[in-house]
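Please look over the sequence and the model first.

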Amino acid sequence: MSATPITGTLHRLLGPGEPEVSCEVCFAELDRYVDAEVLGQDADAAVPGMRAHLAGCPACREEHESLEALVTSQ
Ligand SMILES: [Zn+2]
């Protein structure tokens, strides 16, 4: 039985060469990333690889969403 290649939309969007931070880096930089987003700055440029990680990591995505909700509610 051979492995099924990943053909999902997400994988096509991100491509195989997209850099991605680890959960550790993601957690450390999340404040800065959300700050940049809220200020209308280029969050992808502020923390390269974060967007790709959030797209693929449900735990960090949840963390990102709650932090974003917290920041934007102030
Ligand atoms: Zn993660």
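The text below goes from the whole chain to its core and then to a pair of helices.

The model is a predicted one. Its protein chain holds five helices and zero strands, and along the sequence the pattern reads α-α-α-α-α. Of the 74 residues in the protein chain, buried residues make up 14%. Among contacts between residues at least 6 apart in sequence, 62% join residues at least 24 apart.

Which residues form the largest nonpolar core? This core has seven residues, namely V21, C26, Y33, V34, V47, M50 and L54. Helix α2 and helix α4 (50–56) each supply at least two residues of the core, and α2 gives the most, with three residues. V21, one of the core residues, is in contact with C26, E29, G49, M50 and H53 when its neighbours within four places in sequence are left aside.

Two packed helices are described by the angle between their axes and the distance between the axes. The table gives these values for one pair.

| Feature of the pair α2 and α5 | Value |
|---|---|
| Residues of helix α2 | 23–38 |
| Residues of helix α5 | 58–72 |
| Distance of the α2 and α5 axes | within 10 Å |
| Crossing angle of α2 and α5 | roughly 35 degrees |
| Handedness of the α2 and α5 crossing | right-handed |

On the α2 side, the contact is made by C23, C26, L30, V34, E37 and V38. On the α5 side, C60, E63, H64, L67, E68, V71 and T72 take part. The residues of this contact of α2 with α5 divide into eight nonpolar, two polar and three charged. C26 and V34 belong to this contact and are also listed in the largest nonpolar core.

Helix α5 has 15 residues and reaches 21 Å from its first C-alpha to its last, close to the 21 Å expected at 1.5 Å a residue. Is α5 well covered or hardly covered? Helix α5 is hardly covered, as the count of buried residues among its 15 residues is one.

Why is F27 partly exposed? F27 is partly exposed because 13 other C-beta atoms lie within 10 Å, while a residue counts as exposed at 12 or fewer and as buried at 20 or more. The C-alpha atoms of F27 and E63 are separated by 8.4 Å, and the two residues are 36 residues apart along the chain. E63 is among the α5 residues that make the contact with α2.

Key: Residues are numbered from 1 along each chain as its sequence is written. This is a predicted model: local features need pLDDT of at least 70, side-chain atom pairs count only at pLDDT 80 or more; totals for chains, interfaces and linings use all residues. Axes are lines fitted to C-alpha atoms, for helices over the stretch in contact, and angles run from 0 to 180 degrees between N-to-C directions. Helices (H or I, at least four residues) and strands (E, at least two) are DSSP runs, numbered from the N terminus. A crossing is left-handed if the near helix is turned anticlockwise from the far one by less than a right angle, and right-handed if clockwise. Two residues are in contact if their C-beta atoms, placed from the backbone, lie within 7 Å. Ala, Val, Leu, Ile, Met, Phe, Trp, Tyr, Cys and Pro count as nonpolar, Asp, Glu, Lys and Arg as charged, and the others, Gly among them, as polar. The expected span of a helix is 1.5 Å times one less than its number of residues. A nonpolar core is a set of buried Ala, Val, Leu, Ile, Met, Phe, Trp, Tyr and Cys residues joined through C-beta atoms within 7 Å.
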